[in-house]
Amino acid sequence: MKKRDLILIAVFLIIAGASYGIVQLTSHSGNQVVVTVDKQKVIQEPLAKDQELEVPLTNGENIIIIKNGKVAMKKADCPDQICVRHKAISKSGETIVCLPHKVVVEIQSTGDSDVDIMTQ
């Protein structure tokens with residue numbers, strides 16, 4: 001490796017670190033969890049209240065837990081268990097998805113947001 005290669009790698013690492021820092025500083029904690037099943041809203045609860053909720057499904061079981069302002073999928077009877085292994089979420093825009101049951105758990109803020117538009 002030459003000196004210029006090392007300088008280029010260092011510049012990329014600095015840019016990546018600065019980008020990560022900006023994202024972490026500008027992300028806001030949400031104050032409610034919204035659960036949708038097949039694009040239909042079935043649960044909307046505040047993050048301030050610790051509770052365990054069963055997602056109403058016709059063909060399976062999903063249980064979410066709200067604790068200390070964070071949401072996690074506690075139990076699911078889907079085969080892959082990816083949603084259960086997902087880390088707890090707390091920031092606005094973060095999601096946990098259970099594809100076999102078409103369940104989306106999303107953190108939202110009810111207050112003003114810095115985001116002008118969101119595409120889907």
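**View 1. The side chain of Asp77 reaches the backbone of Glu61.** A polar atom of the Asp77 side chain lies 3.0 Å from the backbone nitrogen of Glu61. A second polar contact, of 3.2 Å, joins the side chains of Asp77 and His101; a polar contact is a pair of N or O atoms within 3.5 Å, where within protein one atom must be able to donate a hydrogen and the other to accept it, and residues adjacent in sequence count only if both atoms are side-chain atoms. The model is predicted: local features need pLDDT of at least 70 and side-chain atom pairs count only at pLDDT 80 or more, whereas totals for chains, interfaces and linings use all residues. Residues are numbered from 1 along each chain as its sequence is written, and side-chain values use heavy atoms, with hydrogens and water left out.

**View 2. Asp77 is placed in the loop between β5 (70–76) and α2 (82–85).** Helices (H or I, at least four residues) and strands (E, at least two) are DSSP runs, numbered from the N terminus. Asp77 counts as partly exposed because its relative accessibility is 46%; buried means under 20% relative accessible area, exposed over 50%, and partly exposed in between (1.4 Å probe, protein chains only). Beyond its neighbours within four places in sequence, Asp77 is in contact (heavy atoms within 4.5 Å) with Gly60, Glu61 and His101.

**View 3. Strands β3, β4 and β5 form an open sheet.** The strand order is β3-β4-β5, with antiparallel pairing; two strands pair if DSSP finds at least two bridges between them. Because β3 and β5 stand at the edges with a single partner strand each, one side of each has no neighbour in the sheet. On average, neighbouring strands are turned by 25 degrees against each other, direction ignored, with axes as lines fitted to C-alpha atoms.

**View 4. The largest nonpolar core has 21 residues.** Such a core is a set of buried Ala, Val, Leu, Ile, Met, Phe, Trp, Tyr and Cys residues joined through side-chain atoms within 4.5 Å. Residues with the most contacts inside this core include Val35, Val55 and Ile64. At least two core residues come from each of β1 (32–37), β3 (51–55), β4 (62–67), β5, β6 (95–98) and β7 (103–108).

Terms used. Axes are lines fitted to C-alpha atoms, for helices over the stretch in contact, and angles run from 0 to 180 degrees between N-to-C directions.
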